[in-house]
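Please look over the sequence and the fold before reading on.

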Amino acid sequence: MKFEKLCFKVGIVALSTMLLAACGDSEEPNVDEAEGGGGGNIVEELTDEDITLTFSAWFEYEWMEHMAQKFTELYPNIKVDIIDLRETDYNDGLNNLAADGQLPDVFGYNSNVDMPIMNGWFYDYTDYWEADPDKDIMLETLKDQGRFDGERMMASPINYYPYAVFIDENLLEKENVEMPPGDYTYNDLVELVRRMTVPEKNLFGYEGGSQWLTMAPIIHQDSIGEFGWDGTEYDLTKDWADALQLMAEFERTGVKAPAGDDRAEAAYGDRELWPPLSGQVAVKLGAWWDKDSFETAEYKDKGINYVPYTIPKGDGDKEHKPAYVDFGGISSATEYPREAFELLKFMSWGSEGWDARMEFYNQEAEAKPNYLPPILPLTNEQKYWDAIYALLPQNQYYSDFLQHAREPIPLGGRVLPGFETWISEVYFDGEFGNVEQAVIEGTVNAHDVAPELTEKANVYYQEAIEELFSQ
């Protein structure tokens, strides 16, 4: 495969030679058992010189500024400059900075992990990570997701937005259907959307994208990645195929709500209406941020009361659930890797950083009516989960949600080399065209194509590992 086409600008190749630290060619940090800085039993002491670190991500600028200020309060000799890329496509902006030798000391990357790996952007901070006792407070399912070659720590989660299932409590009450318990199952959800599909009343079971085939392999197989990824290989042959065939059935039988077509106009009287706003859709398969809309007067005044559930439990023993997880790393060109590690930790899972986050969220809640916290904690420390809940509607639905949202699984492109190439070349534009659409249209059966898709997914991963880490 030609992974070089993933690079946004050919000129970055020159930078790759300079930044091969991520591939193991740089001098390793000096690690010992000395206690240092604010990080516990970390390697060398933090510098006492006045230095400046740079940070960039696509998050709310005011939040980044707040975090930078709080980090400097913790370490008065370290100033943090926010590199603002809001006026450009984030990946393009980051790529341009790297080409100019100005890659931020700590940076978030968006979507495709192959790009920063290929260009040698990641500093290998394995020794810092291993020596830091605070690593144990990170959510368990996220701890090793930044070991892209299976060994070295190159990135950490910096934001966590769970997948979510929103159920219209008022519509179920009207139809005399009981709400599911907080620990409901996949089969419970399947049964619910079927039951709530009532053609003569123009009622539909659910609206949403491809979450069935995303959730099923993760929750049934206790996978640690999309498409049945178990840390070594993919497997689409059962749960993915079953879920896609189920989606096709839901499309054909009207369980999935129509949108933007003649059927939508016939059902809602407005073909452009977003289905959840119709009051005729029982379940919205979505994401955590949808709560911000569903808790507003626009929905409440229409008698629509979508309440949140996590993705249901599957056949697996754990509560792994798909999630939108953003990651960040340390620049391999940084002059201050030890201090940059502390900044990355502060911006992600560290307790001191979460203290600063909660201060910001509480300030926002005081200043803005109906403010809801945008993300969930990356730490297993209960006090932060309690603090998030304090800013949410005080009901059993949100309480149950937080209880069952402790095992997020990132989507493939964020953490799996070769994933985006396989998705674009095989899954959405291969022999079967868009394979999801082909199955939904009935031109192919998911079980028939799953073995080939599985084989190619594993080949693409292995080739990516060899090409990206062969230096």
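## Nonpolar core

The largest nonpolar core of this predicted model holds 153 residues. Those that touch the most other members are F148, W212, F227, W240, V283, Y361 and W422. Helix α20 is the top contributor to this core, giving 10 residues.

W240 deserves a look of its own. Leaving aside residues up to four places away in sequence, W240 touches L213, P217, F227, Y427, V435, A446, V449, A450 and L453. F227 is also on the list of core residues that touch the most other members.

## Helix α9

W240 belongs to the buried set of α9. The helix covers residues 239–253, 15 residues in total. From first to last C-alpha it reaches 21 Å, close to the 21 Å expected at 1.5 Å a residue.

Which residues of α9 are buried? They are D239, W240, A241, A243, L244, L246, M247, A248 and F250. Their cover includes helices α7 (186–195), α8 (211–221), α18 (419–427), α19 (435–441) and α20 (446–468), along with strand β5 (204–207). Just after the helix comes G254, with a positive phi of about 80°.

## Helix α14

Helix α14 runs over residues 351–367. Its 17 residues should span 24 Å at 1.5 Å a residue, and the end C-alpha atoms are 24 Å apart, so expectation and model agree.

The buried residues here are G353, W354, A356, R357, M358, F360, Y361 and E364. Y361 is one of the core residues that touch the most other members.

## Largest pocket

The largest pocket has a volume of about 330 Å³. Its lining comprises 18 residues. D144, Q145, I224, W229 and G231 lie nearest the centre. By class, the lining has 8 nonpolar, 5 polar and 5 charged residues.

## Cavities

How many cavities of 30 Å³ or more does a search of the whole structure find? There are 3. The largest cavity has a volume of about 50 Å³.

This largest cavity is lined by 13 residues, with Y160, P162, Y163, K321 and A405 closest to its centre. Two elements, β4 and β8 (321–330), each give two or more residues to the lining. By class, that lining divides into 8 nonpolar, 2 polar and 3 charged residues.

Note on methods: Residues numbered from 1 in each chain as written. Predicted model: local features only at pLDDT ≥ 70, side-chain atom pairs only at ≥ 80, totals over all residues. Heavy atoms only, no water. 1 Å grid on protein atoms, 1.4 Å probe; cavity = no way out; pocket = protein on both sides within 12 Å on 5 of 7 lines; lining within 4 Å. Points joined across faces, edges and corners; volume = space filled by probe spheres on them. Nonpolar A, V, L, I, M, F, W, Y, C, P; charged D, E, K, R; others polar. Helix = DSSP H or I, 4+ residues; strand = E, 2+ residues; numbered from the N terminus. Expected span 1.5 Å × (residues − 1). Buried < 20%, exposed > 50% of the residue type's maximum accessible area, 1.4 Å probe, protein only. Contact = heavy atoms within 4.5 Å. Core = buried A, V, L, I, M, F, W, Y, C linked by side-chain atoms within 4.5 Å.
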